[in-house]
Amino acid sequence: MIRVTLPAHLRKLAQVDGEIQLEIAGQITQRTVLDALEGRFPMLRGTIRDHATQKRRAFVRFFACGQDLSHEPPDAMLPAAIASGAEAFMIIGAIAGG
Amino acid sequence: MSGVRVLVGTRKGAFILSSDGTRKNWDISGPHFAGWEIYHLKGSSVDPNRIYASQSSSWFGQIIQRSDDGGKTWHQPGTPAGEPTTAPDGSPKGESNNFAYDTSAETGKQLTTHQWYDGTPHPWEFKRVWHLEPSLSDPDVVYAGVEDAALFRTSDGGTSWQELAGLRGHGTGAQWQPGAGGLCLHTIILDPRNPERIYIAISAAGAFRTDDAGKTWQPINRGLHSQYIPNPTAEIGHCVHHVAMHRARPGVLFMQKHWDVMRSDNGGDSWHEISNNLPSDFGFVIDVHAHEPDTLYVVPIKSDSEHFPPDGKLRVFRSRNGGNEWEALTHGLPQSNCYVNVLRDAMAVDSLDKCGVYFGTTGGQVYGSADAGDSWQPIVRDLPAVVSVEVQTLR
C-alpha cells in the first residue's frame with residue numbers, strides 16, 4: 001500500500017480530504033505511483049505531469065523520507081519506506097508566491 | 001421574468017452575479033474554484049444553463065470546468081465524480097485537461113518555434129486557456145483560445161479538445177511574439193451569418209480570419225500602425241488587445257489595439273483609426289451596444305507602462321456614431337484617486353432594454369449600468385482582481 005499526499009488545490013480537485021492510499025503491483029517508482037494516482041483520479045491528469053511529455057510540471061515537487069526526489073528519474077526506485085507504506089510520497093506545490 | 005447573470009473570472013476564483021431585469025438588486029455566488037485563476041467563463045447562447053470555465057494555475061496547469069445548471073454545480077467534462085475512471089472504450093478519462101498541439105500528418109502542423117521577447121526562437125508550449133467561445137448553434141461545440149497562441153475546438157461538450165492547427169501553422173507563426181501577458185489567443189468572434197467565418201486575435205501577432213471554419217487563415221492587419229515594432233505596418237506583430245462585433249452587422253469590427261482604437265468595415269480587410277477625441281487611445285476592452293451597432297464603449301488607460309486611467313478618473317467612453325466622437329461616462333464611477341486597470345475580456349453587455357453594460361477592474365470592483373452607460377453602480381466592490389466579465393441575458 002502506497003501513501004500519497006496532495007497539495008490542497010489538488011485534494012479539492014480530486015475530492016479527497018486527506019492522504020490517498022494506492023495499491024500498486026510491481027516496482028514502486030515515481031511513474032508507477034503517478035500512473036496509479038491518475039488512474040484512480042483522472043481529473044488530476046495534466047496537473048502534476050504534462051499531458052503530452054509526462055514531465056513533472058515546473059512548480060510541482062516530490063518529497064519523501066526527508067529527501068527531494070523532484071529531479072530523480074521517473075523510473076528510479078523510490079525509497080523502501082515508500083514501498084512499504086511507512087512513509088508518504090509527498091506531492092507539493094512549489095513555494096513561489098501566489 | 002427576464003434577468004441577467006454576470007460571470008466574473010478573477011485571479012482567485014469565479015463569481016456569479018445574478019439579478020432580475022431591473023438590475024438593481026444582486027445575488028453574489030462564489031468563489032467557485034477558490035484559489036485558482038479563472039481567466040474566462042462563458043455561457044452557451046443555445047442553452048444558457050450550459051457554462052464553460054477555464055480554471056488554471058501556474059502550478060497545476062489547465063482544467064476545464066462545465067456547469068449544466070447555470071453555475072450551481074460544476075464538473076470536469078467527461079470525468080464526473082464517482083464514475084469509473086475509464087470510458088466505455090477503455091480510454092482514460094481526464095482528457096478535458098489535455099490541450100495537445102496537433103502535429104499529426106493528416107490534420108496537424110509541425111510544432112515549430114515562435115519568437116521570444118528578445119527575438120530568439122522559442123518552442124511552442126501550452127500554458128492556459130484565455131478565452132472560451134461557445135458555438136452559436138450547438139452547446140457541445142466550443143472554441144478555446146490558448147497560450148501559446150493556438151485555437152482549439154471541442155465537439156463533445158469539453159470532454160476532448162482538438163487544435164485547429166491551420167492557424168498556428170499558417171506560415172507567420174515563427175514571427176509571433178508574446179506581449180507582456182504572454183503569447184495569447186484572447187479573442188474569438190463567430191460570425192452569426194456565416195458559420196465558416198471566425199475572427200481571432202493574438203497578442204502580439206494581430207488579427208486573423210478564416211472563411212473555411214478554421215482550416216486556413218489569413219492575417220487581417222492592413223491599416224494597423226504600431227510604432228513599437230520594427231516595421232510599424234507589418235503584416236503581423238501588432239499587439240491587438242481586443243476586438244468586438246455587433247451581431248446584426250458582422251462585417252464591421254472594432255478593435256482596441258495596444259495603442260489606437262480601430263474600425264474595419266470589410267471584415268478586417270482594412271482598418272482605420274477612430275481614436276479621435278479619446279483622452280488616451282491605449283486600453284484593453286472594447287464592446288458594442290446590444291441594440292445600436294454604432295454605439296461603442298472603451299475604457300482609456302493612460303499608457304503601456306502606466307496601466308491605470310488618466311488623471312485617476314475611471315471613465316468609460318461611449319461613441320454613438322461608430323467612433324467619430326467620444327463622450328465620457330462618469331456618473332457613479334470614481335473620479336479621483338482611481339488607479340485600477342480594466343483587462344481585455346472584462347467588459348460585456350446584456351441585451352435587455354435598456355442595454356446593460358458591465359466591466360470589472362483589477363481592484364476587484366464590478367460596475368454595472370442598466371441605462372447603456374449613463375449611470376453606473378458597483379455591483380460588488382472587493383473581489384480579487386477581475387480578469388474577465390461575461391453576461392447572460394435570461395428570458
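Biologist: How many bridges join strand β18 of chain B to strand β19 of chain B, and how do the strands run?

Modeller: Some ground rules come before that. This is a predicted model, where local features need pLDDT of at least 70 and side-chain atom pairs count only at pLDDT 80 or more, while totals for chains, interfaces and linings use all residues. Residues are numbered from 1 along each chain as its sequence is written, and chains are lettered from A and ligands numbered from 1 in the order in which they are written. Strands (E, at least two residues) and helices (H or I, at least four) are DSSP runs, numbered from the N terminus. Two strands pair if DSSP finds at least two bridges between them. Here, β18(B), residues 253–257, and β19(B), residues 261–264, are antiparallel and joined by four bridges. B:Q256, for one, has B:V261 in β19(B) as its bridge partner.

Biologist: What sits between the strands of that hairpin?

Modeller: Three residues, and B:D260 takes a positive phi near 90° in this hairpin. β19(B) also runs antiparallel to β20(B), residues 272–273, through two bridges. There, B:M262 is partnered with B:E273.

Biologist: How many residues does each chain bring to the contact?

Modeller: Residues are in contact if their C-beta atoms, placed from the backbone, lie within 7 Å. Chain A gives 19 residues and chain B gives 19. On chain A's side, the elements giving two or more residues are α1 (8–14) and α2 (30–40).

Biologist: Which pattern does chain A follow along the sequence?

Modeller: It reads β-α-β-α-β-β-α-β, with three helices and five strands.

Key:
Contact = placed C-beta atoms within 7 Å.
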